[in-house]
Amino acid sequence: MKEQVWNESFHPGIISSTKLYFQDLFVGAKRMSRKDFWWGFLGMTIVAGIVMGILGFVITKMPITDFYWSSIVGVALAIAFGYYIISVFTAIIRRLHDRKMHGWWVLLPIIPFLGDIALLVLLCLPQKDFGNSWPKNI
């Protein structure tokens with residue numbers, strides 16, 4: 001008999017899983033299933049790409065002498081990028097917890113080339129439910 005795979009959202013998809021990225025932005029002490037992670041990653045990348053694309057377009061069309069508004073749009077662009085990076089970073093930690101691993105494995109890409117590939121493989125592996133001490137929900 002096949003083991004039931006746990007997902008935080010009952011029907012993982014681009015919208016429900018992206019909501020988890022927004023909802024759990026600063027939460028690392030829980031788990032995230034493989035489907036929720038990858039659907040949310042796609043949705044968050046699309047949302048961040050659209051927002052940063054609009055802000056980048058706006059900042060390039062401003063006059064050079066308009067320092068005040070261009071700096072505000074530049075800060076908004078940096079905040080949007082930071083929000084995206086933090087959400088993906090904490091989602092990777094939650095995904096590693098679902099694999100029954102510590103969040104420190106997120107630092108694996110420090111090793112050039114091989115670390116990125118190893119982390120990608122770890123994120124694609126199925127969950128380990130037996131003896132996992134990380135809570136499914138907080």
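This is a predicted model: local features need pLDDT of at least 70, side-chain atom pairs count only at pLDDT 80 or more; totals for chains, interfaces and linings use all residues.
The axes of helix H2 and helix H4 (residues 114-124) come within 9 Å and cross at roughly 120°.

Me: How are two packed helices described?

Reply: By the angle between their axes and the distance between the axes. Axes here are lines fitted to C-alpha atoms, for helices over the stretch in contact, with angles from 0 to 180 degrees between N-to-C directions. Residues are numbered from 1 along each chain as its sequence is written, and side-chain values use heavy atoms, leaving out hydrogens and water.

Me: Which residues in H2 and H4 meet?

Reply: Arg34, Phe37 and Trp38 in H2 meet Leu120, Leu123 and Cys124 in H4, with contact meaning heavy atoms within 4.5 Å.

Me: Is leucine 42 buried, partly exposed or exposed?

Reply: Buried means under 20% relative accessible area, exposed over 50%, and partly exposed in between (1.4 Å probe, protein chains only). Leucine 42 lies in H2 and is partly exposed, because its relative accessible area is 39%.

Me: What about tryptophan 104?

Reply: Tryptophan 104 sits in the loop between helix H3 (67-98) and H4. This residue counts as exposed because its relative accessibility is 70%. Between tryptophan 104 and isoleucine 93, 11 residues apart in sequence, the C-alpha to C-alpha distance is 7.8 Å.

Terms used: Helices (H or I, at least four residues) and strands (E, at least two) are DSSP runs, numbered from the N terminus.
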